[in-house]
Amino acid sequence: MKNHYLETVLLGLCLFVPGLSGAQDHYPSKSITIVSPFPPGGTSDLTARQLAPVLERIFKQPVVVQNRPGAAGATGSQVVANSAPDGYTLILHLVSISALPERDKLFGHKPAYTRDQFVGIARITADPPMLVVHPSLPAKNLKEFVALARKKPGEMIFSSSGLYGASHVPFEMFLQAANLKMRHLPTTGGAPAMTAVLGGHAVTWASPPNIAAPHLKSGKVRAFAQWGEKRLEAFPEVPTFKEQGYDIEYYLWGGLFAPKNVPPQVFNTLREAVRKAVNDPEFVKGMEKIRTPIAYQDADEFNAWWDKDAQKLAQVIQRIGKVTEK
Amino acid sequence: MLETFNNLLLGFSVALSPSVLVYAFVGCIIGTLVGMMPGLGPLAGISLLLPATFGLNPIIAIVLLSGVYYGAMYGGSTTSILMRIPGEAASVMTCVDGYAMTQNGRAGPALAIAAIGSFIAGTAGVVGLMLLAPTLAEFALRFGPPEYTALLMMGLFILAYMSGGSMLKTLAMAGLGLMLGMIGIDAMSGYTRFSFDLVELGDGVGIVPVAVGLFGISEILLTAGQDAAPKVQNPKLHDLIPSREEFRLSVGPIARGSLLGFMIGIIPGSAHIISSFVSYGIERRMSKHPERFGKGAIEGVAGPESANNAAASGAFVPMMALGIPTSPVTAVMIAAIMVHGISPGPLLISQQPELFWGFVASMYVGNVVLLVLNLPMVGLFVNLLRIPYAYLYPCILAFCILGTYSVSNSMIDVWIMLIMGGIGYVLRKFDYDLAPVALGLVLSPMLELSLRQSLAMSAGDYGIFLERPIATTMLGLGVLLFLLSIKPLIFKSKDWRSKVGLDEVEG
């Protein structure tokens, strides 16, 4: 009897130990889920879906994109933040990952998640928004636009994709830098914000280049400036804010994140795979099609950059404050 | 005109090519199935299918997705009529009279009229899209927040015509719906309201789980509470075809519903959902026998069903002519074209004539496909009613839970549906009408947002509604409608105590 017991334990150990080490050595050994916290068809979703098949080829394991939209990205973030840090659940989030906890802080809520529940694997895209205006406005450049706005303080209207959202924050940066006052018309997304400007219900907004592009081409809006550091390849004629004397910089970026405590080997495997993927011709072509330029940053560089970006964002949101208190 | 004709020929040469035609068929079939799945609507359907279209060419992708969109609009009416489960938000009104017709043994005609009405409205919508797209799109842009507010106010006034029961009960239910609609993050201030710290409630309560619960689950509970099991229906062939009288009654509602739906559909925003409510209200108001509504009036099926399909076509006007997605569904479709490197925008029609005209032609084809698909299926669907309730209802319940969960992978939605089922059961026991809850829930977030957006534009000055001609006209009409609806309350002031809550208010 005693011998049998020992045998069973030994057998169990033999079976168990290789299984354990196997799981660690051979990451990934099952399918990986990339969560997009936004609805299908958005930048985060489209980027994730371009990335997934390439990673699939590298890992030789299925990579599945899952949409968990809701509460401006908070729902999906919360799910991933609280998932097992085993590298099998990742999230492709946008710049708003930094804004949501700040908003919760402003209102004294228990935050749905915090930034330090995530670690960045790589930044994949970074596109500066553009200041576009309705063509009926009697201004031909940023200088004239600012002069016009200064003449009518608090009367001109800018739209945005939502309060404290990815297009509200850069516009406030500009207003604060230029010391201007304008009325804010928050909407529920990029498309309605653009529609408001096209219809003349607002005169301007900070538009992502890929939303603005077709309307710029057909002359339905004009672009006076963009928030990037350098001029854009696709729009060389649009000057940056920096060139025009406003020291502001802002990007609509997208990055791949994992829950904080992923094991180092897993993290490195992911990091290497993404580095390979962003240079893959299939991925490069796919991103060209969705008109979102790749702006890769590796984990270390990205996490440091992300901290700085988030601090800047937090300052702007604190300065916007609660709308009802104004 | 000749140019349009030539373009259309080009379009048909694309749409009738075998590969495109096959995908149109596949899209329509998938769409019909998705629409029939309780909780899963057109948006969920095309979102789920979007990744699958990345490998196809852009024309096929958009034909497939629009087939799903259309099919889901058709399919949604089937479960509404047969089982009182709205497959998607636009079918909520169809539940009321459609299901009543089923109980009267007229399920076949209700399904047939829904299919025919959808076909006519869909086709009329495509004609409108083809001839008027650029002109109408410019007009649609003039709908800013104040115009939207006025439109929604009109929708609210129509509430008064929606229900045959007591005015007080209707208003109470509308109030409940409006309050449910307040849950979530306030878009204008960022405050979270009534969300009990649940992140999922930040977006508010969705109309679909609420409608499935209020209408579908409550029906199952009510049936279970009956002393004797309801008789399983045994439809005969001649009961499947609408009678001449039913056809005659449906002509007007279909025509009005098509026009109304198309007009509401082109307006940016999610107003297309209210087109079916508005149509129902109008038909009830115009009917010589408003008391028949709610008890199986064919007009109550024909009007809303036509309106929601015409609105579906209308939504493509700004999308195709300007590249602006006016609803979540069109946003996904734009993404489907974008991944192929085509940027939708004002130049799309001139730069990609094959895409636009192929799409237009495929919509004609799709409507025919759906009619051909749906009319013969009426017999099949009606036979579902032969299944004994002991087997049918547990299956429906399972499908409701599955469908609701799969929309956004959220358990909260399932709980909302189940709780609403319980509330619906209690309310119906007390003889409350549930349609106003659904309309209130649909209207309140949109109305609140657009009203406050308008005030943000004017820095708090209500004069903005009187400065803009479209808004002013619509508000005027709304007030007129409202006065007409309270007329019976005022002119019978002597005995209002005996009237209110006890008797039917004259519509």
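Salt bridges over all chains come to 21 in this predicted model, counting a side-chain nitrogen of Lys or Arg within 4 Å of a carboxyl oxygen of Asp or Glu. One of them joins Glu282(A) and Arg57(A), at 2.5 Å from N to O. Glu282(A) sits in helix 10 (residues 281–289) of chain A and Arg57(A) in helix 2 (residues 43–59) of chain A, so this pair ties together parts 225 residues apart in sequence. Helices here are DSSP runs of H or I, at least four residues, and strands are runs of E, at least two, numbered from the N terminus.

Glu282(A) is partly exposed at 40% relative accessibility, and Arg57(A) is partly exposed at 44%. For the terms: buried is under 20% relative accessible area, exposed over 50%, partly exposed in between, with a 1.4 Å probe and protein chains only.

Next, Lys242(A). Its side chain meets that of Asp247(A) at 3.9 Å, N to O, and Lys242(A) also bridges to Glu249(A), with the closest N and O atoms 2.8 Å apart. Lys242(A) is partly exposed at 33%; Asp247(A), at 68%, is exposed.

In chain B, a salt-bridge network links Asp186(B), Arg193(B), Glu448(B) and Arg452(B).

A note on conventions. Residues are numbered from 1 along each chain as its sequence is written, with chains lettered from A and ligands numbered from 1 in the order written. Local features need pLDDT of at least 70, side-chain atom pairs count only at pLDDT 80 or more, and totals for chains, interfaces and linings use all residues, while side-chain values use heavy atoms, leaving out hydrogens and water.
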